[in-house]
Amino acid sequence: MTQGQKTTPVIAEATLPGGLWIAFTATLRRDVTLMFRRRGELLNPLVFFALVITLFPIGISPDREVLALIAPGLLWVAALLAALLSLDSLFRTDYDDGSLEQMLLAPQPLAALGLAKVLAHWLLTGLPLALVAPLLGVTLALPPGSYAVLALSLLLGSASLSLIGAIGAALTVGIARGGVLLSLLILPLYIPVLIFGVGAVQAAVIGEGVAAHLAMLGALLAASLLLAPWAIAASLRISING
Amino acid sequence: MWTFIHKWGSPKWFYAMSARVQPWCWAAALILIALGTVWGLAFAPADYQQGDSFRIIYVHVPAAFLAQSVFVSMAAASLVFMVWKIKVADMAATVMAPFGAVMTFVALFSGAVWGVPTWGTWWMWDARLTSMLILLFLFLGVIALRGAFTSRDGGSKAASVLAMVGVINIPIIKYSVDWWFTLHQSSTFSVTSRPAMPTEMWLPLLIMVLGFYCFFIALTLMRTRSEILRREINKRWVMDLAKEAR
């Protein structure tokens with residue numbers, strides 16, 4: 001008994017330095033694996049993105065000049081909505097089967113585990129959306145030369161969207177039908193990202209410098225990377241403990 | 001000093017002390033608003049460009065001031081609640097949210113009415129209007145989130161987190177919307193370049209702003225008091241109070 005008491009702190013000290021990173025990668029790997037098991041769901045945001053983009057030429061005008069004018073905004077708004085749509089399920093299954101409670105009990109900080117979940121979500125929604133966006137840009141007659149900027153702005157922006165959105169997802173995970181509420185909470189917070197994302201693409205279309213907009217997107221990402229994990233962790237605790 | 005502040009954290013103390021402060025706040029609010037209204041509507045000179053329609057400013061500007069201040073005070077109360085677990089702070093934050101939403105709506109509505117004679121349109125995607133509209137959505141989000149929780153404690157904490165996230169975002173939203181405005185609509189009319197006001201126009205405005213702030217404090221005290229009674233209904237001192245009243 002006394003031996004056990006003596007050795008426990010030593011073991012804890014030996015495992016703790018690697019513990020956080022191991023827990024982070026394990027959570028990331030687990031989430032990616034789980035998402036790949038439901039491939040249909042994985043494709044849904046992309047299909048939604050393409051569908052919304054299809055609606056606009058039908059609803060507004062198939063005229064290429066008109067479409068080229070509004071393409072940056074359309075692509076960004078549609079991508080934002082697609083990312084929002086996928087957020088509701090971010091913590092939902094873990095909440096339902098109780099693994100979220102295990103994460104709360106884990107010795108590693110909940111903020112880090114939440115960040116791993118957000119990273120998995122971004123890898124499988126934000127990243128594909130950013131890669132598909134130039135393709136849809138072609139159909140909207142987006143002027144060539146702005147495709148790389150579109151992809152890059154979405155790459156940076158969707159990471160911020162995932163981080164900010166995860167706060168809302170964590171706050172509403174305990175509510176039975178939190179989907180509509182989630183969008184009410186999160187959309188106002190998305191506006192800065194939208195402004196600079198669209199700004200970058202429009203600057204690229206006109207031929208102006210895009211560095212300032214991309215730098216602002218990077219700054220928003222850095223700020224949300226710094227603050228959002230703590231808000232996510234606090235929100236998850238509230239949702240589970242009440 | 002600290003014990004004085006700590007005492008206010010007790011619902012019973014708050015209820016007793018706010019009863020003494022409250023009448024003064026109401027009196028100040030009524031006098032200032034009455035004075036500002038009469039002065040602003042009847043005695044302040046008409047604007048040489050906008051005529052009498054400029055008088056909407058005496059409602060519009062105080063409401064817009066309050067809209068932002070209420071969100072900041074709500075977030076501050078939420079922070080106090082989350083850090084020190086002071087329940088009175090959460091009660092104050094609860095009653096501030098609807099008031100702030102109403103003030104934001106009043107600012108937007110009076111702005112829209114003012115827009116008809118000056119801009120010739122009810123709505124313009126101006127930077128200030130847009131960030132005000134977003135502020136309204138933030139208020140509605142906080143109210144809706146609090147209402148969505150079945151347990152009051154969970155709703156309070158969730159709304160507090162959202163209020164704090166929102167207050168960090170308000171300056172970011174404001175500056176990004178300003179940037180967006182300069183990018184998109186640099187040629188249209190800007191509210192910011194209003195000509196400097198003469199003193200006889202400006203003084204009643206200041207009085208109205210002060211009056212609105214007193215009104216905010218008085219109303220928050222009053223509604224926090226009823227919130228205290230509602231939540232502490234099973235406590236001894238509230239029951240005694242009810243017996244006395246009977």
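These legends accompany several close-up views of a predicted two-chain model.

**Figure 1. Chain A is built from helices, nine of them, with zero strands.** Let's start with the overall layout of this chain. Read along the sequence, the pattern is α-α-α-α-α-α-α-α-α. The C-alpha trace of chain A spans about 80 × 40 × 30 Å along its principal axes. Of the 242 residues in chain A, 45% are buried.

**Figure 2. Chain B has eight helices and zero strands.** From the N terminus on, its elements run α-α-α-α-α-α-α-α. Taken along the principal axes, the C-alpha atoms of chain B fill a box of roughly 60 × 40 × 35 Å. Buried residues account for 37% of the 246 residues of chain B. If you look at contacts in chain B between residues at least 6 apart in sequence, 79% link residues at least 24 apart.

**Figure 3. The view shows the side of chain A that touches chain B.** Here 20 residues of chain A are in contact with 26 residues of chain B. Three helices of chain A, α7 (147-172), α8 and α9 (211-241), each supply at least two residues to this side. Helix α8(A) gives the most, with 10 residues. By residue type, this side of chain A divides into 16 nonpolar, four polar and no charged residues.

**Figure 4. The largest nonpolar core has 134 residues.** Helix α8 of chain A, residues 179-206, contributes the largest share, 15 residues. Which residues does L162(B) touch, not counting those up to four places away in sequence? In chain A, L162(B) touches L171(A) and L185(A), and in chain B its partners are G141(B), V142(B) and L145(B).

**Figure 5. Helices α4 (residues 87-119) and α5 (residues 127-148) of chain B pack with their axes 9 Å apart.** The angle between the two helices is about 155°. That value is over 145 degrees, and α4(B) and α5(B) are therefore roughly antiparallel to each other. Their crossing is left-handed. On the α4(B) side, the contact is made by T94(B), A97(B), P98(B), G100(B), A101(B), T104(B), F105(B), A107(B), L108(B) and G111(B). Facing them from α5(B) are residues including L129(B), M132(B), L136(B), F139(B), V142(B) and R146(B). Sorted by type, the contact of α4(B) with α5(B) divides into 15 nonpolar, four polar and one charged residue.

**Figure 6. Helices α2 (residues 11-43) and α7 (residues 199-231) of chain B have axes that come within 7 Å.** How are the two helices oriented, roughly parallel or roughly antiparallel? The axes cross at roughly 150°, which makes α2(B) roughly antiparallel to α7(B). Helix α2(B) passes α7(B) in a left-handed crossing. The residues of this contact divide into 24 nonpolar, five polar and one charged.

**Figure 7. A141(A) has a positive phi of about 60° although it is not a glycine.** Have a look at the loop between α6 (110-139) and α7 of chain A, where A141(A) is placed. Is A141(A) buried or partly exposed? With 17 other C-beta atoms within 10 Å, A141(A) is partly exposed, because 20 or more would be needed for a buried residue.

**Figure 8. K85(B) is a residue other than glycine with a positive phi, near 55°.** K85(B) lies in the loop between α3 (57-84) and α4 of chain B. This residue has 11 C-beta neighbours inside 10 Å and so counts as exposed, the limit being 12 or fewer.

**Figure 9. L155(A) lies in helix α7 of chain A.** Around L155(A) there are 19 other C-beta atoms within 10 Å, so this leucine is partly exposed. For a distance to check in your viewer, take the C-alpha atoms of L155(A) and S86(A), which are separated by 16 Å. Along the chain, L155(A) and S86(A) are 69 residues apart.

Notes:
Residues numbered from 1 in each chain as written. Chains lettered and ligands numbered in written order. Predicted model: local features only at pLDDT ≥ 70, side-chain atom pairs only at ≥ 80, totals over all residues. Core = buried A, V, L, I, M, F, W, Y, C linked by C-beta atoms within 7 Å. Helix = DSSP H or I, 4+ residues; strand = E, 2+ residues; numbered from the N terminus. Contact = placed C-beta atoms within 7 Å. Nonpolar A, V, L, I, M, F, W, Y, C, P; charged D, E, K, R; others polar. Axes fitted to C-alpha atoms, helices over the stretch in contact; angles between N-to-C directions. Parallel < 35°, antiparallel > 145°, perpendicular 65-115°, else oblique. Left-handed = near helix turned anticlockwise from the far one by under 90°.
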